[in-house]
Amino acid sequence: MELKIRQATQEDIPEITSVFRDTIRAINSKDYSEKQIQVWASGANDLDKWEDRIKNNYFIVAENEDRIVGFAYLKNGNYFDGLFVHKDYQRQGIAIKLMRIIESKVITNGYEIIKSDVSITALPFFEDQYYIVEKKQKKSFKGLVFENYIVHKEL
């Protein structure tokens with residue numbers, strides 16, 4: 001697989017939201033209820049929010065043969081706000097590559113610590129990459145409660 005990493009553009013939104021929705025439905029469904037999955041995946045429909053994320057955050061995509069197979073974005077200089085890899089491209093090193101680029105950007109931004117809120121599903125991956133759990137939390141989103149974890153890593 002030949003992976004190309006680049007900055008996201010507004011034209012990428014349809015593919016980005018498709019990866020977001022499909023990954024949640026296929027991968028996160030083992031850790032969250034059907035109702036939670038429906039609500040979480042519906043975040044793909046908020047196109048204004050995706051436009052804002054691309055415009056105002058450090059937002060990168062991973063492409064394989066001109067197809068977006070993953071993306072990641074960084075908010076406020078050191079908050080790792082999103083990391084998703086296409087359901088058909090899991091466990092191929094894409095998430096680690098995206099993570100390393102995000103971590104490098106945090107260092108370039110002058111921070112020594114990166115923070116994130118991660119799902120139950122993503123927690124083992126983050127722990128394998130030396131992120132430490134600060135606390136387990138419950139977050140409310142569209143009337144449903146989601147369990148996730150606040151994690152950080154010293155860079």
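Phe-146 sits in strand β7, where strands (E, at least two residues) and helices (H or I, at least four) are DSSP runs numbered from the N terminus. This is a predicted model, in which local features need pLDDT of at least 70, side-chain atom pairs count only at pLDDT 80 or more, and totals for chains, interfaces and linings use all residues. Residues are numbered from 1 along each chain as its sequence is written, and side-chain values use heavy atoms, with hydrogens and water left out.

Phe-146 counts as buried, at 9% relative accessibility; buried means under 20% relative accessible area, exposed over 50%, and partly exposed in between (1.4 Å probe, protein chains only). Neighbours within four places in sequence aside, Phe-146 is in contact (heavy atoms within 4.5 Å) with Tyr-32, Gln-36, Val-39, Trp-40, Gln-137, Lys-138, Lys-139 and Phe-141. Arg-91 is 55 residues from Phe-146 along the chain, and the two C-alpha atoms are separated by 25 Å.

## Overall form

The protein chain has 5 helices and 7 strands. Read from the N terminus, their order is β-α-α-α-β-β-β-α-β-α-β-β. The C-alpha trace spans about 35 × 35 × 30 Å along its principal axes. The radius of gyration of the protein chain is 15 Å, which agrees with the value near 15 Å for a compact globule of 155 residues. That radius is taken over C-alpha atoms, and the globule rule is 2.2 Å times the number of residues to the power 0.38.

Of the 155 residues, 45% count as buried. Among contacts between residues at least 6 apart in sequence, 62% join residues at least 24 apart.

## Surface and charge

The protein chain exposes about 8,500 Å², of which carbon and sulfur atoms supply 47%. These areas come from the Shrake-Rupley method with a 1.4 Å probe, and for residues only the protein chains shown count as cover.

There are 23 positive and 24 negative side chains, and the centres of the two sets lie 4 Å apart. Lys and Arg count as positive and Asp and Glu as negative, while His and the chain ends are not counted. The place of each charge is taken as NZ of Lys, CZ of Arg, CG of Asp or CD of Glu.

## The nonpolar cores

A nonpolar core is a set of buried Ala, Val, Leu, Ile, Met, Phe, Trp, Tyr and Cys residues joined through side-chain atoms within 4.5 Å. The largest one has 23 residues, and Phe-80, Leu-83, Ile-102 and Phe-126 touch the most other members. Two or more residues each come to this core from β2 (58–64), β3 (67–75), β4 (79–85), α4 (94–108), β5 (113–119), α5 (123–128) and β7 (144–154). Helix α4 gives the most, with 6 residues.

Ile-102, leaving aside neighbours within four places in sequence, is in contact with Tyr-58, Ile-60, Ala-72, Tyr-73, Leu-74, Phe-80 and Ile-114. Another core, of 22 residues, lies apart from the largest one and includes Tyr-32, Ala-41, Ala-44 and Leu-144.

Helix α2 covers residues 34–41, and its buried residues are Gln-36, Ile-37, Val-39, Trp-40 and Ala-41. Among the elements that cover these buried residues are α1 (13–26), β4, β5, β6 (132–141) and β7.

Asp-52 belongs to helix α3 (residues 47–56). Asp-52 is partly exposed, with a relative accessible area of 42%. Its C-alpha lies 18 Å from that of Ile-102, which is 50 residues away in sequence.

## Strand β1

Ile-5 is found in strand β1 (residues 3–7) and is partly exposed, at 26% relative accessible area. Not counting residues up to four places away in sequence, Ile-5 touches Ile-60, Val-61, Ala-62, Lys-97, Leu-98 and Ile-101. Tyr-130 is 125 residues from Ile-5 along the chain, with 23 Å between their C-alpha atoms.

## Two loop residues with positive phi

Most residues other than glycine have a negative phi. Asn-76, in the loop between β3 and β4, has a positive phi near 55°. Asn-76 is exposed, with a relative accessible area of 59%.

Tyr-130 lies in the loop between α5 and β6. Its phi is also positive, at about 70°, although Tyr-130 is not a glycine. At 65% relative accessibility, Tyr-130 counts as exposed.
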